[in-house]
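Please look over the sequence and the 3D structure below before reading the report.

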Amino acid sequence: MKAVSIYGAGSFGSAFSLMVAPHFDRIWLYTNSIAQAEAINSTRINTAFLDGHTLPKNLVATTDAAEAAQDSAIAVLTVPSQATRKLLGEIGKHLPRNVPIVTAAKGIEADTLLTMTDVIEQCLDADQHRRLAVLSGPSFAVEMARRMPTVVTIASRWKDTAKTAQALLLSDVFKPFISTDVIGVQVGGSLKNVVAIAAGISDGLNYGHNARAAIITRGLAEMTRIAVRMGANPMTLSGLAGIGDLILTCTVDLSRNRQLGLELGRGNSFKEILAKSKQAIEGAATAKCVMDLARQFDVELPICGGVHAILYESKDVRAAVADLLAGVPRREIHP
């Protein structure tokens, strides 16, 4: 019997189960909520996070970490980045052994500024490190739930791990490319959320398509600049986990990060928007982390800095945009 273990019963974890369901005998969906597990098993619907989609018949929601690892061929961690360390504290010793462990979180840990693979390495035994991989790219949960064509990147420092994960998840509608650039894939997946907030702000202010295109382009430059300083291959940011995910998140209203920006641009306060949100907005936490990283690596990130100033320094939205537009632009392409 071949099973997939999905840790995190939010929108992405539930949608991922629908995407891969035809290719596994059993899907384990781990949650730490007994009520949520019982509701999913009885109704086949995750009302809180993916309402309107019937979950697969071969899915079992469980709060038992040991049960969730039974017969598992691959483990996929789908909780938000700031919850990853806590999750591993719950399930770490019960994770399936000798199989790929794939994180789908797109963020940087707030207190440590670590990527998710680095966080996982701190939490797991050394012999499990070569099993780690990260999944990123343009992948809205609602479209995955409908099994619409989705193309992503799976990156691991060990190519055999990436290839194994690819082979297990590959299907007619889910196409993972492989990479060994875990830094570039994770930085791209994290920072695109901050740029998407900026794009949403611009659209909320009705600044038009030209301005949005400029934010996407210059945002990509910022993502690439810091990723390279952290050791990434710049070409990774021209791929699915960089420009691919960036375009999707900046332009489509399904993006929670873009929605945050839209609301800010329309005059709503950050605190009010967060209070109404039922799900994590990864870019909000990442905006704080990325400015710490910018100082650490001595990198200029004006768009990300503007978002940070709005979210955490109570800067007026229009004043922040005016500051971005002030001055004479430098040479566009730097050697």
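## Basis

This is a predicted model, in which local features need pLDDT of at least 70 and side-chain atom pairs count only at pLDDT 80 or more, while totals for chains, interfaces and linings use all residues. Residues are numbered from 1 along each chain as its sequence is written, and side-chain values use heavy atoms, leaving out hydrogens and water.

## Overall form

The protein chain has 15 helices and 8 strands; helices (H or I, at least four residues) and strands (E, at least two) are DSSP runs, numbered from the N terminus. Its radius of gyration, taken over C-alpha atoms, is 20 Å. The globule rule (2.2 Å times the number of residues to the power 0.38) gives a value close to this, 20 Å for 335 residues, so the chain is as compact as a globular protein of that length.

Of the 335 residues, 55% count as buried, meaning under 20% relative accessible area, with over 50% called exposed and anything in between partly exposed (1.4 Å probe, protein chains only).

## A strand pair

Strand β7 (residues 150–155) runs parallel to strand β8 (residues 174–179), with 6 bridges; pairing requires at least two bridges found by DSSP. One of the bridges joins valine 151 to lysine 175 in β8.

## Cysteines

The whole structure contains 0 disulfides, a disulfide being a pair of cysteine sulfur atoms within 2.5 Å. For cysteine 123, the nearest cysteine sulfur belongs to cysteine 289, 16 Å away. Cysteine 123 is partly exposed, at 29% relative accessibility.

Cysteine 250 is buried, at 0% relative accessibility. Its sulfur lies 10 Å from that of cysteine 304, the closest one, which is too far for a bond.
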